[in-house]
Structures are given as C-alpha cells and as structure tokens.
Amino acid sequence: KFGWGQVPLILPFTSRPYFLLAMLTLAGLGGAGMALWRRRFALPWNVLLFLGIALAGIWGQAILRGIESLTGTIFIPTARYAYPVIIPSMLVLNVGWLEITCYLERWARLAPGAKFPVHFLLFLGLDIAALLSIVHFYSIR
C-alpha cells in the first residue's frame, strides 16, 4: 500500500495484485538461488554470508514489526523498516529475474539483448500501475 497505508495497488486484469507481486518475488528469489548455484565456486562466500545475515535480520525485524497488521485492526506499514537493506534486496531479486530471463532467452533462442527491454518494461508497468492507483484513489475522494 502507498501513502500511509490507505492507497491500495490496482493492477489491470487481476483482482489480486499482491498475489501477482508475491509470485514475481518468489520467482526472483528462485532465480537468485539458481544463479548462486551456477556460480557457487566463483562467489565470495564471506561477503554473501554477511549480506545474507543483514538481509535476514532486518527483513525479519520488519516482518515482526508489522505482525499486528495480520491479526488486528491496525495497519502498520512495515516496508519502511527494511530501508537499510533495500539495495541488497533489489540486487537479489534482479539477479534472480535476470537469471530466469537468461534461461528463457536461451530456451526461446531470442536475440542476445532481448531480456533487457522486457525487464525495463516490467518495472515501467509497475511504476505506471502505482501512479494510476494513487491518482485513482485521490480522484474519487
């Protein structure tokens, strides 16, 4: 949700936009796992362990902070508590999505740069949906 937790995301062609975003997030995490496995011998594991502990600790704290939102009537926006690890989080998700699109690119025998416009258009579509959700919410009030 946007703002102070009162503006819901509206995506066309789906009544459950957060389910779609959750599936994209899980796909990104799965792709990141595939990338880790494929490059397991060349990666600096001490750095990855440090980033992993930071990610798990801060995201765990952010999720526990907002657990009242699941059971109570008060909505506590928890994403703001994850700001210290937003760059490593986006790095993990983008590595995962890039790994998946590399596999799809090889499988479909696409041109060797076709994945980048698709990745850009996905983010652009999400940004447009967020802006339209905000405009729609405040124009009906």
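Contact, as the term is used here, means heavy atoms within 4.5 Å. The structure is a predicted model, in which local features need pLDDT of at least 70 and side-chain atom pairs count only at pLDDT 80 or more, while totals for chains, interfaces and linings use all residues. Residues are numbered from 1 along each chain as its sequence is written, and side-chain values use heavy atoms, with hydrogens and water left out.

The chain contains 5 helices and 0 strands; helices (H or I, at least four residues) and strands (E, at least two) are DSSP runs, numbered from the N terminus. Read from the N terminus on, the order of elements is α-α-α-α-α. Of the 141 residues, 21% count as buried, where buried means under 20% relative accessible area, exposed means over 50%, and partly exposed lies in between (1.4 Å probe, protein chains only). Among contacts in the chain with a separation of 6 or more, 62% are accounted for by residues 24 or more positions apart.

Two packed helices are described by the angle between their axes and the distance between the axes. Here the axes are lines fitted to C-alpha atoms, for helices over the stretch in contact, and angles run from 0 to 180 degrees between N-to-C directions. Angles under 35 degrees count as roughly parallel, over 145 as roughly antiparallel, 65 to 115 as roughly perpendicular and the rest as oblique.

Consider H4 with H1 first. The axes of these helices come within 6 Å and cross at roughly 80 degrees, which means that H1 is roughly perpendicular to H4. On the H1 side the contact includes Leu24, Gly28, Gly31, Met34, Ala35 and Arg38, and on the H4 side it includes Val92, Val95, Gly96, Glu99, Tyr103 and Arg106. By class, the contact of H1 with H4 has 12 nonpolar, 4 polar and 3 charged residues. In this classification Ala, Val, Leu, Ile, Met, Phe, Trp, Tyr, Cys and Pro count as nonpolar, Asp, Glu, Lys and Arg as charged, and the others, Gly among them, as polar.

Two residues of this contact can be followed individually. Ala35 lies in helix H1 (residues 17-38) and counts as buried because its relative accessibility is 4%. Leaving aside neighbours within four places in sequence, Ala35 is in contact with Val95 and Glu99. Ala35 and Leu98 are 63 residues apart in sequence, yet their C-alpha atoms are 9.1 Å apart in space.

Glu99, located in helix H4, has a relative accessibility of 2% and therefore counts as buried. With residues up to four places away in sequence not counted, Glu99 touches Gly31, Met34, Ala35, Arg38 and Arg39. The C-alpha atoms of Glu99 and Met34 are separated by 7.4 Å, although the two residues are 65 residues apart along the chain. The side chain of Glu99 also makes a polar contact with the side chain of Arg39 (3.4 Å). A polar contact is a pair of N or O atoms within 3.5 Å; within protein, one must be able to donate a hydrogen and the other to accept it, and residues adjacent in sequence count only if both atoms are side-chain atoms.

The remaining pairing to describe is that of H4 with H5. Their axes come within 10 Å and cross at roughly 135 degrees, so H4 and H5 are oblique to each other. Asn94, Trp97, Leu98, Thr101, Cys102 and Glu105 in H4 meet Lys115, Phe116, His119 and Phe123 in H5. This contact comprises 5 nonpolar, 3 polar and 2 charged residues.

Lys115 belongs to helix H5 (residues 115-139). At 13% relative accessibility, Lys115 counts as buried. Apart from residues up to four places away in sequence, Lys115 touches Leu98, Thr101, Cys102 and Glu105. With the side chain of Glu105, the side chain of Lys115 makes a polar contact (3.1 Å).
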